[in-house]
Amino acid sequence: MNVGRKEKTIGALVATAVILIGGSYWNGIRIEQSFRENVEWASNYGATVSVVDYQRGIFSASARTDWVFQMASGEEGAATTVPVTVSVIHSIRHGPLPVLTAAAHIHSEAQLTEDNAEYLNEFFADDPLPVLDAVIGWTGGLNLHFVSPKSETTIKNITFKSDATLVEGLKRVYTGTASVMLDRFHFLGKSDNGAIRSVEIKNLRVTANASVKDGALGTWTVKLDTDKFVVEGEKKEIVDNLKLAFLLKNLDVKAVDALLQDTPDDEESQEQTVMLLLQHKPAFAIEEVRARWPEGMVAGSFRIAYEGDGNLNPNAPPAPAPAANLSADLYGGDGNNLNFNTPLAPIVSLSVDLQMTLPRALVIRHMSSQASEEITDTLEGGEENEVNVEKETKEQVSKQMATMLNDGVFVEKGDTLSVDAHLRNGELNLNGRPQPLGVLFELIPPIF
């Protein structure tokens, strides 16, 4: 090899080294900026997060963040909370070799200390604390791998876009548009008895949009769709082409902001928050639900709106009801056993609409599953061999379905069942016939 060629080779090696070092250093600056921005954003949701230390080198960095959670004090009868700090150590690699596959790799581990051990052991006992590995792609995609002693979660290629801005004077309410997309979500969990449960989602897309007008959340919409949703445990449920569209409107933004922060403990603050929520006559709707089960397509919509004057007890003077009895005031009865006949129940202030079409075979399958469990639970030792559970289940479900069709709970059209329900002034009209209000709630288990 002649001298000129050696000089060119050395020059090329030096240039490559400069590019790698310079690129890694520049990438390190970008990763640190992004890291600090994400920590600031995370502080708005559930915990106060701060960057305590960040040491950046040419090819790697190390950081420590402190997460402050408000935990119950543990004193019997006390409603107070105490701040608990959990430190997380982050090991960050941003060059030179990692840059060939991703912008950065971040390994994060929570630290057990004398100050937080008592509280963390309530959740993790003697198990190791969770570990998170994140891979940041050059195009903005993010891969996450979260491991704890009893669960493992993998998320592939998350992308997030947002032009949302914080509403002036508030801490948690944003307006604008945000979207999240991911290629795959997989959760694997193990219960204390060793049972395994998994959830898998493929190609999930979520878009949210919010607007505020005259102190109220004018509209808040969330649209979700995914190619496949699979839940597997003792049984396996597969749903294809799931689409959901949610709508919230007419919610007081100050009340929403208060609910998204620490819930007030005193009854007076709770009463004020409830009254603020009701004064704009809020409404919630599932504008569209559509999905394909193995038995066929399910489609429907649901809407519930408050149309009252904000007084939780219509027969009482216009003063808010005690927060401790809120569930009883809303529904009647003692809050546990609903009493839909009480004249005090402001259910009359609610307007509800429900439309649903679904395969008869799907309803039968879910009813059979529930009936089979109930029959099996009533059997005593030795009876399992004497009772044909499958036959008993089939007969029970057949009678139950016949009764529901005869009573007008479902309308049968070929292999499809439909529901068309409307609640006005406390009276339920179901498929063109008046029905007791409790029937509306009985519909939920067979459908889901």
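The model is predicted, so local features are given only at pLDDT of at least 70 and side-chain atom pairs only at pLDDT 80 or more, while totals for chains, interfaces and linings use all residues. Residues are numbered from 1 along each chain as its sequence is written, and side-chain values use heavy atoms, with hydrogens and water left out.

**First stop: D66 and R64**

Select D66 and R64, whose side chains form a salt bridge with an N to O distance of 2.9 Å; the term stands for a side-chain nitrogen of Lys or Arg within 4 Å of a carboxyl oxygen of Asp or Glu. By this rule the count comes to 13 salt bridges. D66 is buried, at 13% relative accessibility, whereas R64 is partly exposed at 31%; buried here means under 20% relative accessible area, exposed over 50%, and partly exposed in between, with a 1.4 Å probe and protein chains only.

**Second stop: S87**

S87 is buried, with a relative accessible area of 13%. Leaving aside neighbours within four places in sequence, S87 is in contact (heavy atoms within 4.5 Å) with R64, T65, D66, E109, A110 and Q111.

Next select E373 and K235, which form a salt bridge whose closest N and O atoms are 3.8 Å apart. This pair links distant parts of the chain, since E373 sits in helix α6 (residues 360-378) and K235 in the loop between β11 (216-232) and β12 (236-249), 138 residues apart. E373 is partly exposed at 44% relative accessibility, and K235 is partly exposed at 47%.

Then move to E295 and R365, where the side chains meet in a salt bridge of 2.4 Å, N to O. E295 lies in the loop between β14 (283-293) and β15 (296-306) and R365 in helix α6, so this pair ties together parts that are 70 residues apart in sequence.

**Last stop: a network**

Finally, select E32, R36 and R56, which are linked in a network of salt bridges.

How values were computed: Helix = DSSP H or I, 4+ residues; strand = E, 2+ residues; numbered from the N terminus.
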